[in-house]
Amino acid sequence: TLGAERNAKVRHVVATGSAYQEILKTAEGAGSDLIVIGAHKPDLKDYLLGPNAARVVRHSTVSVYVVR
């Protein structure tokens, strides 16, 4: 099903602070099994991941899916 019923479990979180710390704290508080995060355009200094995505991957206790 699509529509309101499907979106009932979707929420948006606005937080202040370090991006990766807030992502990890929110995922832990929600009991998440998976974190989905975007990677920015590849750059010579960070290859495929931005600094926040790399930190989330490194410090997460749950699976992280990085979308390019």
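I looked up the contacts of Val-64 (heavy atoms within 4.5 Å) and, leaving aside neighbours within four places in sequence, found Leu-34, Ile-35, Ile-37, Val-56 and Val-57. The model is predicted, so I note that local features need pLDDT of at least 70 and side-chain atom pairs pLDDT 80 or more, while totals for chains, interfaces and linings use all residues. Residues are numbered from 1 along each chain as its sequence is written, and side-chain values use heavy atoms, without hydrogens and water.

I placed Val-64 in strand 2, residues 63-67. Strands are DSSP runs of E, at least two residues, and helices runs of H or I, at least four, numbered from the N terminus. Val-64 counts as partly exposed because its relative accessibility is 23%; buried is under 20%, exposed over 50%, partly exposed in between (1.4 Å probe, protein chains only). I read 5.8 Å between the C-alpha atoms of Val-64 and Val-36, which are 28 residues apart along the chain.

Next I took helix 2 (residues 19-30) and helix 3 (residues 51-59), which pack at about 40° with axes 9 Å apart. On helix 2, I list Ala-19, Tyr-20, Ile-23 and Leu-24 in the contact, and on helix 3, Asn-52, Arg-55, Val-56 and His-59.

Last, I checked Glu-22, also in helix 2. Glu-22 is buried, at 17% relative accessible area. Not counting residues up to four places away in sequence, Glu-22 touches Ala-15, Thr-16 and Gly-17.

How values were computed:
Axes fitted to C-alpha atoms, helices over the stretch in contact; angles between N-to-C directions.
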